[in-house]
Amino acid sequence: MKKYLDQVNNDDEIVHIALSNSCSVAVLSQEKLYWMEKALQAKEGALGYAILRDQLIQRDVLLDDPIVESDDDYWDQFK
């Protein structure tokens, strides 16, 4: 059990545990849970939301945003 809890704490992993009654539970770090809860409460579009999204990307909860090509089509949308 210590090995798995160390993975959760040191490697920021989420450990999934299958129970005998076809249910399962997940164990995650308190810090990861904190950022996930804050992201759910944040207003999309606000600076705080962007910071929370960045934290979740760093913790591999969310995928990183795709890189946008900065061609004329991209910049023309702002005219």
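## Exercises on a predicted model

S29 is buried, with a relative accessible area of 8%, in a model that is predicted.

**Exercise 1.** Locate S29 among the strands and helices, and work out which residues beyond its sequence neighbours it touches.

*Solution.* Begin with the position: S29 lies in the loop that runs between strand 2 and helix 2, the latter covering residues 30-41. Next, set aside the neighbours within four places in sequence, and the residues in contact with S29 are V8 and D12. Finally, look at the side chains, where S29 makes a polar contact with D12 at 3.2 Å.

**Exercise 2.** Describe how strand 1 and strand 2 are arranged, and find the partner of I17.

*Solution.* Strand 1 takes in residues 15-18 and strand 2 residues 24-27, and the two run antiparallel, joined by four bridges. Within this pairing, I17 has V25 of strand 2 as its bridge partner. The two strands form a hairpin with five residues between them, and in the turn S22 has a positive phi of about 65°.

**Exercise 3.** Find the aromatic pair in the whole structure, and decide whether each of its residues is buried or partly exposed.

*Solution.* A search of the whole structure gives one aromatic pair. Y34 and W35 form this pair, with 5.2 Å from centre to centre and 75° between the planes, which is an edge-to-face arrangement.

Technical notes: Residues are numbered from 1 along each chain as its sequence is written. This is a predicted model: local features need pLDDT of at least 70, side-chain atom pairs count only at pLDDT 80 or more; totals for chains, interfaces and linings use all residues. Side-chain values use heavy atoms; hydrogens and water are left out. Rings of Phe, Tyr and Trp (its six-membered ring) pair if their centres lie within 6.5 Å; planes under 30 degrees apart count as stacked, over 60 as edge-to-face and the rest as tilted. Two strands pair if DSSP finds at least two bridges between them. Buried means under 20% relative accessible area, exposed over 50%, partly exposed in between (1.4 Å probe, protein chains only). A polar contact is a pair of N or O atoms within 3.5 Å; within protein, one must be able to donate a hydrogen and the other to accept it, and residues adjacent in sequence count only if both atoms are side-chain atoms. Contact means heavy atoms within 4.5 Å.
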